[in-house]
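Here is a brief report on one chain.

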Amino acid sequence: MNPQDAWSAAFHQLEMQLDRASFDTWVRGATLLLYEDGVFVIGVRNAYARDMLQHRLYRNVRRVLSDVCGENVELRFEVNKTTTPAENVETDMPLFRLLAQQEMDSSNNGGRLHERVARPQQPDLPETELNPRYTFDRFVVGNENQMVYSAACAVADHPAAAYNPLFIYGGVGLGKTHVMQAIAHACKGRGLRVIYIPSEAFTNDLVNSIRQRTTAMFREKYRSADVLLVDDIQFISGKETTQEEFFHTFNALYTFNKQIILASDRPPRELETLEARLRSRFEGGLVIDILPPEFETRVAILKSWAEERNIKIVPDVLHMIADRVKTNIRELEGVFN
């Protein structure tokens, strides 16, 4: 059996033996580049696939290929530089159905898809996406949110080392966004590539990439982050394509030890319309709730706002406000204003 036939046979066996997510994310699109001195050189689509195959799936692939050849073989993985990211749009999962339709449309309109795709620029996340007021220095810590604060600080100091993913849940107006953006500020200050985004913006970005035929660039953008923070993750429930794409993004980041932080109004187990495979992954790290502020914390928050604005308010007034607004920091700020 010649090397090309051997690799083709091994490729099809891997498709049957590996779970679909692993095969589609890491193996699909792999080709034999070279066979020399008993070594199979396999070309893959990007550095993520190369590293994953070399460090996590090497034994699986080598075993299958050796079985096909009838003897022990060696192999190494290299990025196939003859395949551009735009070409990967044709087969890269998980949007294969939509992209297959795009390819068909492109053929009908003259020219293959990758011949008509321009590589867009990938600007860094604009600073305006982060509220400059949402920092750890401005987060008032009380008994009810001490655990959330400690976990957030641990993640900001050592991304992916302690809690990955970090899943924060709680009612509206309790400070989830403040905590997430404080982590984002701290990580950006250390030179890490940080993406903070509401889940609705993630969905819109995905839809635009499908419409503009730049899904490869979409994946490159999110999977190259050192820290990914997604707010209001509950809103991807029921959105099949968004969930599938986020599943693969999550896997890619987690595999390469990148930090993932999520926020929701409910714990993962209560997101009933969310796919089970996502709920399972969300529960694989630290799931922690942020509780309504106690009276003393509410008074401390009001005092900090007054000091920032150089406003003198007698304690009785602060106590009266804190006593009447008990469950929502946004409402508390509205009354204070």
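Helices (H or I, at least four residues) are DSSP runs, numbered from the N terminus. The model is predicted: local features need pLDDT of at least 70, side-chain atom pairs count only at pLDDT 80 or more, and totals for chains, interfaces and linings use all residues. Residues are numbered from 1 along each chain as its sequence is written, and side-chain values use heavy atoms, with hydrogens and water left out.

**Helix 2**

G29 follows helix 2 and has a positive phi, near 95 degrees.

**Aromatic rings**

Rings of Phe, Tyr and Trp (its six-membered ring) pair if their centres lie within 6.5 Å; planes under 30 degrees apart count as stacked, over 60 as edge-to-face and the rest as tilted. The count by this rule is 16 aromatic pairs.

| Pair | Centre to centre | Angle between planes | Class |
|---|---|---|---|
| F246 and F282 | 6.2 Å | 70 degrees | edge-to-face |
| F250 and F282 | 6.0 Å | 50 degrees | tilted |

The pair of F250 and F282 links helix 11 with helix 12 across 32 residues. F246 also lies in helix 11 and F282 in helix 12 (residues 276-282), so their pair ties together parts 36 residues apart in sequence. F282 is buried, at 0% relative accessible area. F246 is buried at 2% relative accessibility, and F250 is buried at 4%. One aromatic cluster takes in F167, F202, F218, Y222, F246, F250, Y254 and F282.

A charge sits over a ring if NZ of Lys or CZ of Arg is within 6 Å of the ring centre and within 35 degrees of the ring normal. The charged end of R277 sits over the ring of F247, 3.9 Å from its centre.

**Surface**

Which residue of helix 14 (residues 315-324) is described here? V317 is placed there. V317 is partly exposed, at 33% relative accessibility.

Key. Helix = DSSP H or I, 4+ residues; strand = E, 2+ residues; numbered from the N terminus. Buried < 20%, exposed > 50% of the residue type's maximum accessible area, 1.4 Å probe, protein only.
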